[in-house]
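Please consult the sequence and the 3D view while reading the points below.

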Amino acid sequence: MIIETLTIVVKEGFADQVVHGFSQEAAVEKSPGFIDLSVMVKRASKGEEEVIVMIRWENEERWKQWELSEAHLEGHRRERERGKPDFVLSSKSSIYEVKAVKLPG
């Protein structure tokens, strides 16, 4: 399993806008190998908020297929055309390979 995280730091009071955007239906949900997407918000501190988007994929091959898909690339083209909102202070993407999972029981 592969987990992609997006860490988005925004000005205090804007986390809900990011959460709303990632809560809308999107092409990623229909992508083969997509497991789920979670959005988490770190409590505000020092005038900023941190939003973590966690997307789980069945495996690296499925994640790569999504990364190279026309739907994904078109989404990024639209984002570049609109420009980064002024409330976004920084953003970062990371990829993790899951090595162990604990389940209840």
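I2 stands opposite W57 in β3. The strand β3 (residues 48-57) is joined to β1 (residues 2-11) by 10 bridges, and the two run antiparallel. The model is predicted: local features need pLDDT of at least 70, side-chain atom pairs count only at pLDDT 80 or more, and totals for chains, interfaces and linings use all residues. Residues are numbered from 1 along each chain as its sequence is written, and side-chain values use heavy atoms, with hydrogens and water left out.

**Overall architecture**

- The protein contains 3 helices and 4 strands, where helices (H or I, at least four residues) and strands (E, at least two) are DSSP runs numbered from the N terminus.
- Along the sequence, these elements follow the pattern β-α-β-β-α-α-β.
- The C-alpha trace spans about 40 × 35 × 20 Å along its principal axes.

**The sheet**

- An open sheet is formed by 4 strands in the order β2-β3-β1-β4, with antiparallel pairing; two strands pair if DSSP finds at least two bridges between them.
- β2 (34-45) and β4 (88-97) stand at the edges with a single partner strand each, so one side of each has no neighbour in the sheet.
- From one strand to the next, the twist averages 15°; axes are lines fitted to C-alpha atoms, for helices over the stretch in contact, and angles run from 0 to 180 degrees between N-to-C directions.
- In general, strands of a sheet pair through backbone hydrogen bonds, either parallel or antiparallel.

**Strand β1 and its surroundings**

- β1 also pairs with β4, in the antiparallel sense, over 9 bridges.
- T7 stands opposite I52 in β3, and the bridge partner of T7 in β4 is K92.
- Of the 10 residues of β1, 9 are buried, so this strand is largely enclosed by the rest of the structure; buried means under 20% relative accessible area, exposed over 50%, and partly exposed in between (1.4 Å probe, protein chains only).
- Helix α2 (residues 60-68) lies across β1, β3 and β4 and runs at about 50° to β1.

**Whole-protein totals**

- Buried residues make up 28% of the 105 residues in the protein.
- Among contacts (heavy atoms within 4.5 Å) between residues at least 6 apart in sequence, 71% join residues at least 24 apart.
- The protein exposes about 7,600 Å², of which carbon and sulfur atoms supply 51%; accessible areas come from the Shrake-Rupley method with a 1.4 Å probe, and for residues only the protein chains shown count as cover.
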